[in-house]
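Dear colleague,

Please find below the structure that I am handing over to you. My notes on it follow directly after.

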Amino acid sequence: LITEPYLIRPLIDMFHNSGKHFDLSKLDTKATSNQDFLKTIDGFLRNLLNRNKGKAIYIDCWATWCKACTKEMPKSKELIHKYKEKDVAFVFINIDSQKKTFRAMLDKLNIDAQHYYLTKEQSIAFREKFKIVGIPYYILIDKAGKISEKGNHLRPIIAASKIEALLK
């Protein structure tokens with residue numbers, strides 16, 4: 001619709017510059033696609049454990065529309081910073097969300113951790129496997145790969161002491 005050359009060039013430049021900011025290939029390195037894993041939740045979990053072998057794992061299950069989930073994110077960032085040099089992996093599993101919204105939210109939150117997006121079908125299977133009825137929901141896995149604790153109560157402030165115990 002815009003035909004004036006003096007308007008077109010700046011708009012094209014702005015478009016290209018914003019494209020660099022939202023480069024999806026950059027996001028994909030930060031947010032691992034569920035395509036990297038097997039099609040089943042068990043396969044996903046096996047690969048997750050293999051990737052983080054010998055580490056305690058703190059899993060945060062969240063959704064883009066969940067206010068309680070996003071409210072905890074700054075506390076999660078503090079927890080990640082606290083255990084930066086320790087054998088702890090921080091994993092964020094996004095369920096029940098739109099992929100486009102997930103990508104935008106991930107860029108906004110800027111949390112340096114492992115991020116996974118689950119499709120609607122995968123979200124249902126994941127919820128069933130862990131009997132998740134509400135989010136945020138957390139799973140704490142010990143260094144041997146066994147679930148130590150899970151539930152809505154394991155918010156970052158409570159998880160800190162539990163992670164500390166797993167590292168001893």
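**The disulfide and the cysteines**

The torsion about the S-S bond of Cys 66 and Cys 69 is about 80°, so this disulfide is right-handed. The term disulfide stands for a pair of cysteine sulfur atoms within 2.5 Å. The model is a predicted one, in which local features need pLDDT of at least 70 and side-chain atom pairs count only at pLDDT 80 or more, while totals for chains, interfaces and linings use all residues. Residues are numbered from 1 along each chain as its sequence is written, and side-chain values use heavy atoms, with hydrogens and water left out.

The sulfur atoms of Cys 66 and Cys 69 lie 2.4 Å apart, and a search of the whole structure finds 1 disulfide. Cys 66 counts as buried at 6% relative accessibility, and Cys 69 counts as buried at 1%; buried means under 20% relative accessible area, with a 1.4 Å probe and protein chains only, exposed means over 50%, and partly exposed is in between. Cys 61 is in no disulfide, and the nearest cysteine sulfur, that of Cys 69, is 9.0 Å away. Cys 61 also counts as buried, at 0% relative accessibility.

Helices (H or I, at least four residues) and strands (E, at least two) are DSSP runs, numbered from the N terminus. Strand 3 covers residues 88-94; 7 of its 7 residues are buried, so the strand is largely enclosed by the rest of the structure. In a regular strand the side chains alternate between the two faces of the sheet. Here Val 88, Phe 90, Phe 92 and Asn 94 point one way, Ala 89, Val 91 and Ile 93 point the other way, and all are buried.

Two strands pair if DSSP finds at least two bridges between them. Strand 2 (residues 56-62) pairs with strand 3 in the parallel sense over 7 bridges, and Tyr 58 stands opposite Phe 90. Strand 3 also pairs with strand 4 (residues 114-117) in the parallel sense, over 4 bridges, where Tyr 117 is the bridge partner of Asn 94.

**The crossovers**

From strand 3 the chain crosses through helix 5 (residues 99-109) to strand 4, and this β-α-β crossover is right-handed; that is, with the strands pointing away from the viewer, the path from the first strand over the helix to the second runs clockwise. Strand 2, helix 4 (residues 67-82) and strand 3 likewise make a right-handed β-α-β unit. Buried residues of helix 5 include Phe 102, Met 105 and Leu 109. Just after helix 5, Asn 110 takes a positive phi of about 50°.

With kind regards
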